Amino acid sequence: MANLKEEIMTRRTFAIISHPDAGKTTITEQMLLLGGVVRSAGTVKGRQGNFAKSDWMAIEQKRGISVTSSVLQFDFDGKRINILDTPGHEDFSEDTYRTLMAVDSVIMVVDSAKGIEPQTKKLFEIVKERHIPIFTFFNKLDRDGRPPMDLVDELETTLGINAYPMNWPIGSGQILAGLFDLYHHQVEVYRPANESERFLPLNAEGTDLAQANALQQTPAWQESQEEVELLQDAGNAFNEEAVLKGELTPVFFGSALAGFGLETFLRTYLKFAPAPSSKQTVDHQIVEPTNPEFSGFVFKIQANMNPNHRDRIAFVRIVSGEFERGMDVTLQRTGKKLRLSNVTQFMADSRENVENAVPGDIIGVYDTGNFQIGDTIYAGKPAITFEELPTFTPELFMHVRAKNVLKQKSFHKGVTQLVQEGTIQMYTAWDSGDYILGAVGQLQFEVFQFRMENEYNSEVVLEPMGPKIARWISSDQLDPRMASSRNLLVRDRADQPVFLFENMFAERWFADKYPDVTLEAKL
Ligand code: G4P
């Protein structure tokens, strides 16, 4: 590759987080339209078109998710963009969280009629913990929404982050007239009479149009103008460093469906979104993307649910150096050498022709069982071991056992393997030793059950235990008598004690009764 550094600087790798129905798919489609990858909206996942072709995993297929929509790569405005999908709703799983470990920034899409919803909040917490830059898009401005001041206020108080409006709506729904584009010092007109009136310059103060226009007579104009003045006087100052540390979120309004404000958003976002970042190893070395030796880590493994094909695909985020098809790498955990010849890359329009990839890019490595989630691969010397991916606190639990008691061996083999792979988490009841599975989303149980039957020939019986609050405590603070019917004591894979509380009240009761015991949540 001519110049690795220049190539890396063009990469922008991000995920869109949102609550279901906020408009993530619509925004993705609009971005692909802007990138010239699709010619009409309605082609991404589950709808008619290009990206629903996957033949990977029956369950995912049934739900209309596909490998090809797991990562979408396209070019826009001189940048090569990698969008990583964060499946939500019934498809929510630990993979959704883990994907956030492989991006450099995040776009948070919020429905402007609904405000911050639970799933957005959950995903936001992970993003915040990692200090990933986050950009907010309040969507559906073409509908009557909540007052923008309320939305920004809620964003700041609910999520505990400062916000900086980059644009400000002039009305919404029926009276939507445009956007004060504060960053570009212009107004973007909603449905202009002609193209030359789409962008109108602002005056020097940035609070009014430079030249008189009919827009100033529209019903929402005055209120919006007053709010802009207020923001200028009393709002947060823009600070790029704070954005890059994830302490300040630039806020945009628009309508994905109407394609309004989205192009300006994407261009502005790409200006501030960081290029691929460095990554820390277990021994606190920093691996820079420009390091010429190839390295990467596995953040997701997608199994083929066809029992005749045991192959799987491991999603690798490239951290440093250049990937070339056919290169040899070392799998750090086992020390095994592997040749990366059977690799998929995710170019939304021409997947076959890409032979090289650089930091920020995702490659899909066909795998016959070598990889686990969190694995490091590297070429050259010295050895590199990236920090482990975090474990997330499961919220759903089920008892699990083999249907056929005589088939314990394949049951144990399957469970061990799938837990190691990161498909699901495993706990054992402190007293009885019963197996308990933990997950963040229902889909994980379904995948587990399906794979146990198809890959390990082991039918399993799952009994829901309902949602629980899992809290770790240190072994020396534990007294098994602390367990009760409302707080089940289990051990995790590392033999650490964990209490599964029935609900918040049970947890509070416990905390009151044992004030010296520290209850800890994972991420
Ligand atoms: P998701 O991926 O976040 O779940 O949301 P998705 O884009 O599928 O959007 C959810 C619904 O909201 C869709 O309507 C979509 O058309 C609509 N929507 C998205 N952005 C906007 C917007 O800016 N304005 C308005 N008014 N609606 C928007 P649907 O009827 O549920 O689906 P469909 O039949 O249109 O596909």
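Residues are numbered from 1 along each chain as its sequence is written. In this predicted model, local features need pLDDT of at least 70, side-chain atom pairs count only at pLDDT 80 or more, and totals for chains, interfaces and linings use all residues.

**Exercise 1. Give the strand order of the sheet and find its edges.**

Solution. 
- Strands (E, at least two residues) and helices (H or I, at least four) are DSSP runs, numbered from the N terminus. Two strands pair if DSSP finds at least two bridges between them.
- Read the order. The open sheet has 7 strands, S2-S3-S1-S4-S5-S11-S6, with mixed pairing.
- Find the edges. S2 (71-76) and S6 (162-165) each have a single partner strand, so one side of each lacks a neighbour in the sheet.
- Neighbouring strands are turned by 30° against each other on average, direction ignored.
- Check one pair. S1 (residues 11-18) and S4 (residues 105-111) run parallel over 5 bridges. Ala15 has Val106 of S4 as its bridge partner.

**Exercise 2. Describe how H2 packs on H10.**

Solution. 
- Axes are lines fitted to C-alpha atoms, for helices over the stretch in contact; angles run from 0 to 180 degrees between N-to-C directions.
- Apply it. The axes of H2 (residues 24-34) and H10 (residues 262-272) come within 10 Å and cross at roughly 80°. That makes H2 roughly perpendicular (65 to 115 degrees) to H10.
- List the contact (C-beta atoms, placed from the backbone, within 7 Å). H2 supplies Ile27, Gln30, Met31 and Leu34; H10 supplies Leu262, Glu263 and Leu266.
- Sort by class. The contact has 5 nonpolar, 1 polar and 1 charged residues. Ala, Val, Leu, Ile, Met, Phe, Trp, Tyr, Cys and Pro count as nonpolar, Asp, Glu, Lys and Arg as charged, and the others, Gly among them, as polar.

**Exercise 3. Characterise the shell around the ligand.**

Solution. 
- Count. 16 residues surround the ligand (C-beta atom, placed from the backbone, within 6 Å).
- Name the closest: Gly23, Lys24, Thr25, Thr26 and Leu257.
- Find the main contributor. H2 gives the most, with 3 residues.
- Sort. The shell holds 5 nonpolar, 6 polar and 5 charged residues.

Methods
Angles under 35 degrees count as roughly parallel, over 145 as roughly antiparallel, 65 to 115 as roughly perpendicular and the rest as oblique. Two residues are in contact if their C-beta atoms, placed from the backbone, lie within 7 Å.
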